[in-house]
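Subject: Structure handover

Hello,

Here is the structure for you to take over. My notes on what was found in it follow below.

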Amino acid sequence: VFILPACLLAVVSIEVSPQRVPSVARDAPPVAFLVERADASLQSETVEIMRLAHAELYLASGFPVADTVRVVYVRRGQSFDSVVGGRFPDWGVAAAVSERQLIAIRSPADYPLNRSVRETLRHELAHLHLDALAGMRQVPRWMHEGYAQQFAYQWVFGDDLLIARAVFVDKAIDLRDIDGVNSFAGPRAQL
(Lines give C-alpha, C1' and ligand atoms only; values in the text may rest on other atoms or scores of the structure.)
Protein backbone atom coordinates (compact mmCIF):
# COMPACT_ATOMS: atom_id res chain seq x y z
CA VAL A 1 0.00 0.00 0.00
CA PHE A 2 1.32 3.39 -0.97
CA ILE A 3 0.51 6.20 1.44
CA LEU A 4 0.88 9.72 0.14
CA PRO A 5 1.89 12.56 2.43
CA ALA A 6 -0.91 15.05 3.00
CA CYS A 7 1.19 17.88 1.54
CA LEU A 8 1.52 15.93 -1.72
CA LEU A 9 -2.23 15.57 -2.08
CA ALA A 10 -2.65 19.27 -1.36
CA VAL A 11 -0.09 20.26 -4.01
CA VAL A 12 -1.83 18.19 -6.67
CA SER A 13 -5.04 20.15 -6.16
CA ILE A 14 -3.57 23.63 -5.63
CA GLU A 15 -3.46 26.01 -8.54
CA VAL A 16 -1.25 28.98 -7.88
CA SER A 17 -2.11 32.19 -9.64
CA PRO A 18 0.59 32.90 -12.24
CA GLN A 19 0.34 36.58 -11.28
CA ARG A 20 1.58 35.75 -7.74
CA VAL A 21 4.57 33.71 -8.85
CA PRO A 22 6.97 36.47 -9.99
CA SER A 23 6.58 38.32 -6.69
CA VAL A 24 7.31 35.18 -4.64
CA ALA A 25 9.99 33.76 -6.93
CA ARG A 26 12.57 35.63 -4.91
CA ASP A 27 11.40 33.75 -1.77
CA ALA A 28 11.94 30.28 -3.26
CA PRO A 29 15.30 28.64 -2.50
CA PRO A 30 17.76 29.28 -5.30
CA VAL A 31 18.08 26.57 -7.92
CA ALA A 32 20.75 26.57 -10.60
CA PHE A 33 19.23 25.63 -13.95
CA LEU A 34 22.05 24.49 -16.20
CA VAL A 35 20.93 24.49 -19.83
CA GLU A 36 22.98 22.57 -22.38
CA ARG A 37 22.90 22.47 -26.19
CA ALA A 38 20.62 25.47 -26.64
CA ASP A 39 21.16 28.79 -28.38
CA ALA A 40 21.22 31.92 -26.20
CA SER A 41 17.54 32.75 -26.74
CA LEU A 42 16.32 29.24 -25.91
CA GLN A 43 18.67 29.08 -22.94
CA SER A 44 17.30 32.34 -21.53
CA GLU A 45 13.69 31.25 -22.16
CA THR A 46 14.35 27.89 -20.48
CA VAL A 47 15.87 29.41 -17.35
CA GLU A 48 12.96 31.84 -16.99
CA ILE A 49 10.33 29.10 -17.46
CA MET A 50 12.10 26.85 -14.96
CA ARG A 51 12.65 29.62 -12.41
CA LEU A 52 8.97 30.60 -12.39
CA ALA A 53 7.75 26.98 -12.43
CA HIS A 54 10.01 26.12 -9.50
CA ALA A 55 8.73 29.15 -7.59
CA GLU A 56 5.15 28.07 -8.26
CA LEU A 57 5.85 24.53 -7.03
CA TYR A 58 7.63 25.89 -3.97
CA LEU A 59 4.82 28.33 -3.19
CA ALA A 60 2.25 25.52 -3.35
CA SER A 61 4.24 22.93 -1.39
CA GLY A 62 6.96 24.67 0.61
CA PHE A 63 9.32 22.11 -0.86
CA PRO A 64 12.16 22.84 -3.32
CA VAL A 65 13.03 20.66 -6.30
CA ALA A 66 16.82 20.49 -5.95
CA ASP A 67 19.91 22.70 -5.74
CA THR A 68 20.75 22.16 -9.41
CA VAL A 69 18.71 20.92 -12.36
CA ARG A 70 20.29 20.16 -15.74
CA VAL A 71 18.22 20.71 -18.88
CA VAL A 72 19.73 19.11 -21.98
CA TYR A 73 18.31 19.78 -25.43
CA VAL A 74 18.89 16.75 -27.65
CA ARG A 75 19.67 17.71 -31.24
CA ARG A 76 19.03 15.66 -34.36
CA GLY A 77 21.73 13.06 -34.76
CA GLN A 78 22.28 12.76 -31.02
CA SER A 79 21.08 9.73 -29.12
CA PHE A 80 18.34 10.54 -26.64
CA ASP A 81 19.00 7.22 -24.94
CA SER A 82 22.62 8.18 -24.28
CA VAL A 83 21.47 11.34 -22.48
CA VAL A 84 18.76 9.75 -20.31
CA GLY A 85 20.61 6.48 -19.81
CA GLY A 86 17.95 4.11 -21.05
CA ARG A 87 15.50 3.09 -23.72
CA PHE A 88 13.39 6.04 -24.81
CA PRO A 89 10.29 5.63 -27.01
CA ASP A 90 10.24 7.12 -30.52
CA TRP A 91 7.11 9.14 -29.70
CA GLY A 92 8.66 10.70 -26.58
CA VAL A 93 9.38 14.42 -26.42
CA ALA A 94 11.15 14.76 -23.09
CA ALA A 95 12.16 12.82 -20.00
CA ALA A 96 12.98 13.55 -16.37
CA VAL A 97 15.65 11.50 -14.60
CA SER A 98 15.21 12.31 -10.94
CA GLU A 99 18.30 10.45 -9.72
CA ARG A 100 20.41 12.79 -11.85
CA GLN A 101 18.23 15.92 -11.52
CA LEU A 102 18.10 15.92 -15.31
CA ILE A 103 15.51 16.96 -17.86
CA ALA A 104 16.22 15.93 -21.43
CA ILE A 105 14.08 17.46 -24.17
CA ARG A 106 14.16 17.12 -27.92
CA SER A 107 15.39 20.36 -29.43
CA PRO A 108 12.52 22.38 -30.90
CA ALA A 109 14.96 23.49 -33.63
CA ASP A 110 15.14 19.90 -34.90
CA TYR A 111 11.92 18.21 -33.82
CA PRO A 112 8.24 19.18 -33.74
CA LEU A 113 7.33 18.97 -30.04
CA ASN A 114 3.52 18.86 -30.44
CA ARG A 115 3.36 21.16 -27.41
CA SER A 116 5.08 24.30 -26.20
CA VAL A 117 8.53 24.27 -24.63
CA ARG A 118 6.94 25.88 -21.55
CA GLU A 119 4.36 23.10 -21.19
CA THR A 120 6.98 20.40 -21.74
CA LEU A 121 9.45 21.86 -19.21
CA ARG A 122 6.73 22.36 -16.59
CA HIS A 123 5.62 18.74 -17.07
CA GLU A 124 9.15 17.36 -16.61
CA LEU A 125 9.95 19.64 -13.66
CA ALA A 126 6.80 18.37 -11.96
CA HIS A 127 8.19 14.82 -12.23
CA LEU A 128 11.39 15.93 -10.45
CA HIS A 129 9.33 17.76 -7.82
CA LEU A 130 7.06 14.81 -7.11
CA ASP A 131 10.05 12.52 -6.62
CA ALA A 132 11.62 15.09 -4.27
CA LEU A 133 8.34 15.33 -2.31
CA ALA A 134 8.19 11.55 -2.04
CA GLY A 135 11.76 11.37 -0.80
CA MET A 136 12.76 9.50 -3.97
CA ARG A 137 10.47 6.62 -2.99
CA GLN A 138 8.72 5.02 -5.93
CA VAL A 139 5.48 6.77 -6.88
CA PRO A 140 2.97 5.02 -9.18
CA ARG A 141 3.28 6.13 -12.80
CA TRP A 142 -0.39 7.17 -12.96
CA MET A 143 0.23 9.56 -10.04
CA HIS A 144 3.36 10.92 -11.72
CA GLU A 145 1.60 11.57 -15.02
CA GLY A 146 -1.50 13.06 -13.41
CA TYR A 147 0.61 15.38 -11.24
CA ALA A 148 2.76 16.47 -14.19
CA GLN A 149 -0.21 17.01 -16.49
CA GLN A 150 -2.05 19.04 -13.85
CA PHE A 151 0.97 21.26 -13.22
CA ALA A 152 1.64 21.76 -16.94
CA TYR A 153 -2.04 22.57 -17.63
CA GLN A 154 -2.18 19.67 -20.10
CA TRP A 155 -5.65 18.39 -19.25
CA VAL A 156 -7.69 20.25 -21.85
CA PHE A 157 -11.28 20.34 -23.06
CA GLY A 158 -12.08 17.07 -24.77
CA ASP A 159 -9.67 14.90 -22.78
CA ASP A 160 -12.49 13.82 -20.49
CA LEU A 161 -14.48 12.75 -23.57
CA LEU A 162 -11.49 10.78 -24.86
CA ILE A 163 -11.21 8.90 -21.57
CA ALA A 164 -14.97 8.31 -21.40
CA ARG A 165 -14.93 6.93 -24.95
CA ALA A 166 -12.01 4.60 -24.10
CA VAL A 167 -13.91 3.29 -21.08
CA PHE A 168 -17.11 2.87 -23.09
CA VAL A 169 -15.42 0.77 -25.81
CA ASP A 170 -13.37 -1.14 -23.22
CA LYS A 171 -10.02 0.30 -24.37
CA ALA A 172 -9.11 2.08 -21.14
CA ILE A 173 -5.71 1.27 -19.69
CA ASP A 174 -5.64 -0.31 -16.26
CA LEU A 175 -3.76 1.91 -13.80
CA ARG A 176 -1.41 -1.00 -13.01
CA ASP A 177 -0.40 -1.14 -16.69
CA ILE A 178 0.54 2.53 -16.94
CA ASP A 179 3.99 1.78 -15.49
CA GLY A 180 4.83 0.25 -18.89
CA VAL A 181 3.78 3.34 -20.87
CA ASN A 182 7.22 3.74 -22.48
CA SER A 183 6.70 0.42 -24.26
CA PHE A 184 3.29 1.45 -25.65
CA ALA A 185 2.73 2.57 -29.24
CA GLY A 186 2.30 6.35 -29.60
CA PRO A 187 -1.52 6.53 -29.79
CA ARG A 188 -2.00 4.19 -26.81
CA ALA A 189 0.56 6.13 -24.78
CA GLN A 190 -1.28 9.39 -25.49
CA LEU A 191 -4.46 7.92 -24.01
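**Notes on the model**

In β4, V74 has R106 as its bridge partner. This is a predicted model, in which local features need pLDDT of at least 70 and side-chain atom pairs count only at pLDDT 80 or more, while totals for chains, interfaces and linings use all residues. Residues are numbered from 1 along each chain as its sequence is written, and side-chain values use heavy atoms, with hydrogens and water left out.

**Strands**

Helices (H or I, at least four residues) and strands (E, at least two) are DSSP runs, numbered from the N terminus. Two strands pair if DSSP finds at least two bridges between them. β2 and strand β4 (residues 102-106) pair in the parallel sense over 5 bridges. Strand β1 (residues 32-36) also pairs with β2 in the parallel sense, over 5 bridges, and E36 stands opposite V72 in β2.

Strand β2 (residues 68-74) is largely enclosed by the rest of the structure, because 5 of its 7 residues are buried. Buried means under 20% relative accessible area, exposed over 50%, and partly exposed in between (1.4 Å probe, protein chains only).

**Cores**

A nonpolar core is a set of buried Ala, Val, Leu, Ile, Met, Phe, Trp, Tyr and Cys residues joined through side-chain atoms within 4.5 Å. The largest one has 31 residues, and those with the most contacts inside it are M50, V69, V71, Y73, I103, L121 and L125. At least two residues of this core come from each of β1, α3, β2, β4, α5 (117-133) and α6 (141-151). α5 gives the largest share, 7 residues. Leaving out residues up to four places away in sequence, L125 touches M50, A53, H54, L57, V65 and I103, where contact means heavy atoms within 4.5 Å. Another core, of 10 residues, lies apart from the largest one and has V72, V74, V83 and F88 among its members.

**Salt bridges**

The whole structure holds 6 salt bridges, each a side-chain nitrogen of Lys or Arg within 4 Å of a carboxyl oxygen of Asp or Glu. One of them joins the side chains of R70 and E36 (2.7 Å, N to O). This pair links distant parts of the chain, with R70 in strand β2 and E36 in strand β1, 34 residues apart. R70 is partly exposed at 27% relative accessible area, and E36 is partly exposed at 26%.

R141 forms a salt bridge with E145, with the closest N and O atoms 3.2 Å apart. R141 and E145 are 4 residues apart in helix α6, so about one helical turn separates them.

Regards
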